[in-house]
Structure formats: C-alpha cells, structure tokens
Amino acid sequence: MILGILLICMNPLDAGSCIPVPNPQKLYATMEECELEANAAAEGFAVNYYVKAFCFETDYFELL
C-alpha cells in the first residue's frame, strides 16, 4: 500500500516553516494513483504555500 504525504512550506528557504501532512484515511494501491491525487491536492494549497507531494510504500519494512 502507498501513503501520500504533502510537504507544505510557508518559505521554501526555511525548513522550519514546513509541515508534513499525511493522508492516513486513504492508502493507494499504486504509486501512479497516489501521485495523481497528491499532485491534485497540492495544487489547491499552491496558491498560498509552497507544496511538494510525496508517495511512500508503507510495507517497506515488512520486506526486510
């Protein structure tokens, strides 16, 4: 399963102004599905903030 996270920043040069915002209500089956929805959500915040979308596999540690 894939978890989508938005990194929302007030200032792109100050990491202290950034907040990671995960979407724990929805896990995605594919990386493509996560990227499409996360990028669409990021566009809504991009008016007032600097936003980057990330997608991570949640079963990574189960494979080790």
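Colleague: Leaving aside neighbours within four places in sequence, which residues is L6 in contact with?

Modeller: In this predicted model, and with those sequence neighbours set aside, L6 is in contact with I19, P20, V21, A38, A41, A42, F45, V51, K52 and A53.

Colleague: How should I read the largest nonpolar core, and which residues does it have?

Modeller: The general idea is that, in soluble globular proteins, nonpolar side chains tend to be buried together. Here the largest nonpolar core has five residues, namely L6, I8, A38, A42 and A53. The elements that give two or more residues to this core are β1 and α1.

Colleague: Which backbone atoms lie close to polar atoms of the S17 side chain, by the distances given for N11 and D14?

Modeller: A polar atom of the S17 side chain lies 3.0 Å from the backbone nitrogen of N11, while the S17 side chain also reaches the backbone oxygen of D14 at 2.8 Å.

Colleague: Where does T30 lie, and why does T30 count as partly exposed?

Modeller: T30 is found in the loop between β2 (18-28) and α1 (31-45), and T30 counts as partly exposed because its relative accessibility is 37%. The T30 side chain reaches the backbone nitrogen of E33 at 3.1 Å, and the C-alpha atoms of T30 and I2, which are 28 residues apart along the chain, are separated by 6.6 Å.

Conventions:
Residues are numbered from 1 along each chain as its sequence is written. This is a predicted model: local features need pLDDT of at least 70, side-chain atom pairs count only at pLDDT 80 or more; totals for chains, interfaces and linings use all residues. Side-chain values use heavy atoms; hydrogens and water are left out. Helices (H or I, at least four residues) and strands (E, at least two) are DSSP runs, numbered from the N terminus. Buried means under 20% relative accessible area, exposed over 50%, partly exposed in between (1.4 Å probe, protein chains only). A polar contact is a pair of N or O atoms within 3.5 Å; within protein, one must be able to donate a hydrogen and the other to accept it, and residues adjacent in sequence count only if both atoms are side-chain atoms. A nonpolar core is a set of buried Ala, Val, Leu, Ile, Met, Phe, Trp, Tyr and Cys residues joined through side-chain atoms within 4.5 Å. Contact means heavy atoms within 4.5 Å.
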